[in-house]
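Here's a quick briefing to read with the model open in your viewer. It goes from the overall fold down to a few individual side chains.

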Amino acid sequence: MNIENAQKQVDDWIKTHGVRYFNELTNMAQLTEEVGEVARIIARRYGEQSEKESDKNKDLGEELADVLFVVLCLANQTGINLQDAFEKKLDIKTKRDHDRHHNNQKLK
């Protein structure tokens, strides 16, 4: 699946199972909430905080998928083709960061 197809799948899901997209501000708040859930799992599972018993069964993949779903919603409702935007960004990062990362002593 490419990003363009994922955007279409989300749009089809909204049209079939949802009433409509939440407005952009609501989706931005929802995105923040979902990113917070990812951060909680990462901080407790891979960071220095202890993991609470209630967090041990949380599925990081599912939480990351929640983030992706809301990002795709925001792209759809604001007319962004994320496939094009991602490819453009990857090209920019490749040109800008190739030597920078290879020359970074902290990464060796």
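Going along the sequence, the protein chain runs α-α-α-α. That makes four helices and zero strands. Bear in mind that this is a predicted model. The radius of gyration is 17 Å, well over the 13 Å that the globule rule gives for 108 residues, so the chain is more spread out than a compact globule.

**Overall shape and surface**

- Taken along the principal axes, the C-alpha atoms fill a box of roughly 50 × 45 × 25 Å.
- If you take the contacts with a separation of 6 or more, 62% of them come from residues 24 or more positions apart.

**Helix α1 and Asp 11**

- Asp 11 sits in helix α1, which covers residues 3-17.
- Is Asp 11 buried or exposed? With a relative accessible area of 19%, Asp 11 is buried, because the cut-off for that label is under 20%.
- The side chain of Asp 11 has a polar partner: a contact of 2.6 Å joins it to the side chain of Tyr 21.
- Setting aside neighbours within four places in sequence, Asp 11 is in contact with Tyr 21 and Asn 76.

- α2 has 22 residues and spans 31 Å from its first C-alpha to its last, close to the 32 Å expected at 1.5 Å a residue.
- At the start of α2, a side-chain oxygen of Asn 23 comes to within 3.1 Å of the backbone nitrogen of Leu 25.
- Which residues of α2 are buried? They are Asn 27, Leu 31, Glu 34, Val 38, Ile 41 and Arg 44, and what covers them includes α3.
- Arg 44, itself part of α2, counts as buried at 17% relative accessibility.
- The Arg 44 side chain makes a polar contact of 3.2 Å with the side chain of Gln 49.
- Not counting residues up to four places away in sequence, Arg 44 touches Gln 49, Ser 50, Glu 51, Lys 52 and Asp 55.

**The loop between α2 and α3: Glu 51**

- Glu 51 lies in the loop that links α2 (24-45) and α3 (60-78).
- A relative accessible area of 24% makes Glu 51 partly exposed, because that label starts where buried, at under 20%, stops.
- Where does the side chain of Glu 51 make a polar contact? It meets the side chain of Arg 45 at 3.1 Å.
- Apart from neighbours within four places in sequence, Glu 51 is in contact with Arg 44, Arg 45 and Lys 56.
- Glu 51 and Asp 99 are 48 residues apart in sequence, and their C-alpha atoms are 38 Å apart in space.

**Helix α4**

- α4 takes in residues 82-102, which is 21 residues.
- From first C-alpha to last, α4 reaches 28 Å, close to the 30 Å expected at 1.5 Å a residue.
- There's a kink of about 45° in α4, centred on Arg 96.
- What caps the N-terminal end of α4? Asn 81 does, with a side-chain oxygen 3.0 Å from the backbone nitrogen of Gln 83.

Terms used:
Residues numbered from 1 in each chain as written. Predicted model: local features only at pLDDT ≥ 70, side-chain atom pairs only at ≥ 80, totals over all residues. Heavy atoms only, no water. Helix = DSSP H or I, 4+ residues; strand = E, 2+ residues; numbered from the N terminus. Expected span 1.5 Å × (residues − 1). Bend = angle between axes of the 7 residues up to and from the residue. Polar contact = N/O pair within 3.5 Å; in protein donor to acceptor, adjacent residues only side chain to side chain. Rg over C-alpha atoms; globule rule 2.2 N^0.38 Å. Contact = heavy atoms within 4.5 Å. Buried < 20%, exposed > 50% of the residue type's maximum accessible area, 1.4 Å probe, protein only.
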